[in-house]
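Good morning, everyone, and thank you for coming.

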Amino acid sequence: MDASNFSDDIQETSNSEIEAFFCSAPPLKDAAEIKMKLKDFVGRQSLHSESGKATRVVCVTSGGTTVPLEQRCVRYIDNFSSGHRGAASTEYFLKAGYAVIFLYRRGTCQPFCSSLPDDPLLNCFDCPDMRNVQVQPSYAEDVVNAVGRHQAAITGGTLLKLPFTTIFEYLQILKETAVSMKDLGSNAMFYLAAAVSDFYVPWETMTEHKIQSRSGPLDLRLAQVPKMLSVFRKDWAPRAFCISFKLETDTRILLEKADMALRRYNMHMVVANELSTRKEEVVIVTASGSKIVRRDMTKAGGEVEEPLIEVIVSEHSIYIETSTP
Ligand code: 9Z3
C-alpha cells in the first residue's frame with residue numbers, strides 16, 4: 001500500500017469519481033460542529049486582519065488515515081505516520097505568527113508534547129492523597145511549558161485541532177477546511193503532511209459485521225481512492241499556498257516523483273523525504289529547483305522542521321506579495 005491517495009502513479013481523476021467518493025462516504029457524525037468551529041476560527045482571523053496586517057492561516061495535516069474493512073469496524077488498514085512532523089511544524093508555524101488548523105489522526109503526536117513521556121504519561125504525576133495531584137519534579141518544567149503554550153494557543157484562538165481516523169473523515173474535513181479558508185486568499189496555506197490511503201473499501205461494498213475467519217483466507221480487493229490534489233488546487237483552495245509531501249523508501253525515485261507531483265498537481269512546493277532519514281533531512285522541490293534542508297546538529301534537540309518552516313514562511317511571503325488581491 002502506498003502512502004497516499006495523492007500519489008502520481010495513475011491517470012487523472014474525474015470530478016464525477018470524486019463526487020461519487022463523497023456521496024458514498026459515511027457522513028461525518030459531527031459535521032455541523034466542525035463547520036461551526038471552522039467558521040468561528042477563520043472568522044476570528046479575518047477580524048484580526050482588519051486591524052492591520054492580515055493573519056496567515058495554515059492547515060497542517062498530520063498522521064495516517066485508516067481504511068476500515070467492516071462498517072462496524074474491528075479491522076482496518078493503516079498508513080504509517082507518527083504525527084511528529086505535523087505536531088512539530090504546528091509549533092514552528094505558531095511561533096512564526098500563523099494561526100494553525102491542525103487536522104490530525106486521533107492518538108498521534110500533539111503540539112507541545114514532545115518532551116513529555118508517552119509511555120506512560122502517568123509517570124509525570126504523583127498522587128500522595130485523593131485531593132492532591134502533583135507533577136513529578138523532573139517533569140515540572142516540561143508540563144508547565146506544554147500546558148501553558150497549549151492553553152495560550154487554544155484560548156488565544158490561534159490553534160484549532162480537528163481529529164480524524166478514517167480516510168472518509170479525513171477527506172471530508174479537509175474539503176470543509178479548504179472551503180472555509182477560501183476567503184483568506186493567498187494568506188491561506190496548506191501543509192499536507194498526513195499519510196493518506198491510496199486504496200480503500202467503498203462503504204456500500206463493505207460488510208457490516210466482523211469478517212469471519214471460518215470462511216478461510218481473506219481475499220481483499222481495494223478500490224483506488226480518487227486523486228484529490230488536482231481538484232483541491234483547482235476548486236477547493238485555488239488561491240492558497242499549497243505544499244504536499246512525497247514519501248518514498250527508495251531514494252533513487254524520490255526526487256523524480258516529487259517533481260512529478262509538483263507539476264501534475266500544480267503544487268507550490270513538494271517536500272520530499274525518505275522514511276529512514278525523514279527526521280534528519282528533507283528536500284524542498286519547487287519550480288525553480290530543489291534545496292536540501294537539514295536539522296541543525298549543533299543545536300541540542302534541533303529539528304528539521306525548524307529550518308523547513310523558516311524557508312516555507314519566506315516563500316509564502318513572496319507568494320503573498322506577488323499574488324493579485
Ligand atoms: C510525509 O511524507 C511525512 O513527512 C511523514 C512524516 C508521514 C513521513 P512522521 O509523521 O512522518 O513524522 O512519523 N507525509 C506525506 C506522505 C504521503 O503520503 N505523501 C504522498 C506520497 O508520497 C504525496 S502527497 O505519495
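I will go from the whole protein to one strand and then to one helix.

What you see is a predicted model, in which local features need pLDDT of at least 70 and side-chain atom pairs count only at pLDDT 80 or more, while totals for chains, interfaces and linings use all residues. Residues are numbered from 1 along each chain as its sequence is written. As for pLDDT, which is the predictor's confidence in each residue, from 0 to 100, its mean over the protein is 93, and 94% of the residues reach 70 or more.

The secondary structure comes to eight helices and 14 strands, where helices (H or I, at least four residues) and strands (E, at least two) are DSSP runs numbered from the N terminus. The radius of gyration is 21 Å, close to the 20 Å that the globule rule gives for 325 residues, so the protein is as compact as a globular protein of that length; the radius is taken over C-alpha atoms, and the rule is 2.2 Å times the number of residues to the power 0.38. Of the 325 residues, 37% count as buried, and by buried I mean that 20 or more other C-beta atoms, placed from the backbone, lie within 10 Å of the residue's own.

Let us turn to strand S4, residues 99-105. How many of its seven residues are buried? Seven of the seven are, so S4 is largely enclosed by the rest of the structure. In a regular strand the side chains alternate between the two faces of the sheet. Here Ala99, Ile101, Leu103 and Arg105 point one way, whereas Val100, Phe102 and Tyr104 point the other way.

Which strands pair with S4? Strand S1 (residues 57-62) does so in the parallel sense over six bridges, and so does strand S7 (residues 159-164), also parallel and over six bridges; strands count as paired if DSSP finds at least two bridges between them. Val58 has Val100 of S4 as its bridge partner, and Ile101 stands opposite Leu160 in S7.

Finally, in helix H6, residues 229-236, the buried residues are Leu229, Val231, Phe232 and Trp236. Seen down the axis of H6, they fall within an arc of 160°, so they line one face of the helix; the arc is that of the directions from the helix axis to the C-beta atoms. These buried residues pack against helix H1 (15-24), helix H5 (167-181) and strand S11 (241-248), with contact taken as C-beta atoms, placed from the backbone, within 7 Å.

Key: A residue is buried if 20 or more other C-beta atoms lie within 10 Å of its own, exposed if 12 or fewer, and partly exposed in between; C-beta atoms are placed from the backbone. Two residues are in contact if their C-beta atoms, placed from the backbone, lie within 7 Å.
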